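Hello,

Here is the structure we talked about handing over. Please open it alongside this email; the findings follow below.

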Amino acid sequence: MKHIIRCYFAFLCLISFAQPSLAAPSAEVTKGLAWLQSQVQGDGSLSGEAASVASSYQSRNETLHILKLLATVPAPLFAAIAADTEDSTEYLSRRIVSTSLMGGSTSSLIAQLNALQNPDGGFGGGVDYTSHALDTAWALTAYAKAGLSNSSAALNARNYLASIVQLDGGMTGSTDVERVVNSAMSASALQMVPASTGSLTAINQLVAWLLQKQAVDGSWNQDVSLTALALLAVNSIATDPTLHATVQNYLLGQQGSDGSWSADPYVTAVVLRALSAEPGSAPSLLGTVIGVILDQASGVPLQGATITLTGAGNGTAQSAQDGRF
């Protein structure tokens, strides 16, 4: 019987992932930051938020995040964010992230988030919603930023994300853009919490899938904010300087003369965060072969097949019920 073996080459880091350090601000980042600071109004709103591709709340939270990293956060901006009562998983998670960055108490917000976790460890959009990669990634990010990355809720969310990576290495989604967003956010969130064998495998699968989706010009789908999210996800894993230079050249080529990206506070904030993250260099790496064995005629995954590695390294593995090894 003929079998199809699909292999994915990755690198497993046998340590927990550190949070990315910040690069020294470039002239372009400094100019973009000045534009973003000028957007904050006395009531905590942003001048360009109504015309943004994101919601006002998303724009404000992303703006607070980068201002906290590179400058100072105006009090009205945080006050406007803290006063919001939207209790969807994403918005609640964003509020936890912003509150944590500002040094505030998140205990009541965490209790609300805990109540949204499903028995499978994942999170949906709200109470009684089916678990979803993006919502779970947001919740996991919130736990990590609140200093709860070792909590049972965070580890269960981590395990859920690791378990739903698709055979091709990406997360599900109805479009390529949605898949990139879900995969990038999941990869980023998984790097914020203690690693397990499953989560390390998932991170490397997701990063490898994201790199396959990158266009020749360095972008993802010729979309600025999507490219920034993807760069944040692969930044600490893919250490090829050429890759980083290509992505940065694409992003900087889209910057407007006023320092912004599309005069959009959300897009500008996300791009500034991506450009400010120092590319990582992952130590103690082992080469890893990840794959799935399928029957050539039927395409059905084969369980119990023996895979043998020979050459500079050697070893054997057995394929699982879904054909993976």
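**Aromatic pairs and a helix contact**

Phe123 and Tyr143 are both buried. Keep in mind that this is a predicted model.

First, the aromatic rings. Searching the whole structure turns up two aromatic pairs. One is formed by Tyr57 and Tyr91: the ring centres are 5.0 Å apart and the planes sit at 20°, so this pair is stacked. Planes under 30 degrees apart count as stacked. The pair links distant parts of the chain, 34 residues apart. Tyr57 belongs to helix 2 (residues 56–70), and Tyr91 to helix 4 (residues 89–101).

Are these two tyrosines buried or exposed? Tyr57 has 5% relative accessibility, so it counts as buried. Tyr91 is buried too, with a relative accessible area of 17%. The cut-off for buried is under 20%.

Phe123 and Tyr143 also pair. Their ring centres are 6.3 Å apart with planes at 55°, so the pair is tilted. Phe123 lies in the loop between helix 5 (107–114) and helix 6 (133–145), while Tyr143 is in helix 6, so the pair ties together parts 20 residues apart in sequence.

Next, the helix contact. The axes of helix 1 (residues 27–39) and helix 12 (residues 265–276) come within 10 Å and cross at roughly 150°. The crossing is left-handed. On the helix 1 side, Val29, Gly32, Leu33, Trp35 and Leu36 make the contact. Helix 12 meets them with Pro265, Thr268, Ala269, Leu272, Leu275 and Ser276. By class, that contact has eight nonpolar residues, three polar and no charged ones.

Best wishes

Definitions and conventions: Residues numbered from 1 in each chain as written. Predicted model: local features only at pLDDT ≥ 70, side-chain atom pairs only at ≥ 80, totals over all residues. Heavy atoms only, no water. Axes fitted to C-alpha atoms, helices over the stretch in contact; angles between N-to-C directions. Helix = DSSP H or I, 4+ residues; strand = E, 2+ residues; numbered from the N terminus. Left-handed = near helix turned anticlockwise from the far one by under 90°. Contact = heavy atoms within 4.5 Å. Nonpolar A, V, L, I, M, F, W, Y, C, P; charged D, E, K, R; others polar. Phe/Tyr/Trp six-rings, centres within 6.5 Å; stacked < 30°, edge-to-face > 60°. Buried < 20%, exposed > 50% of the residue type's maximum accessible area, 1.4 Å probe, protein only.
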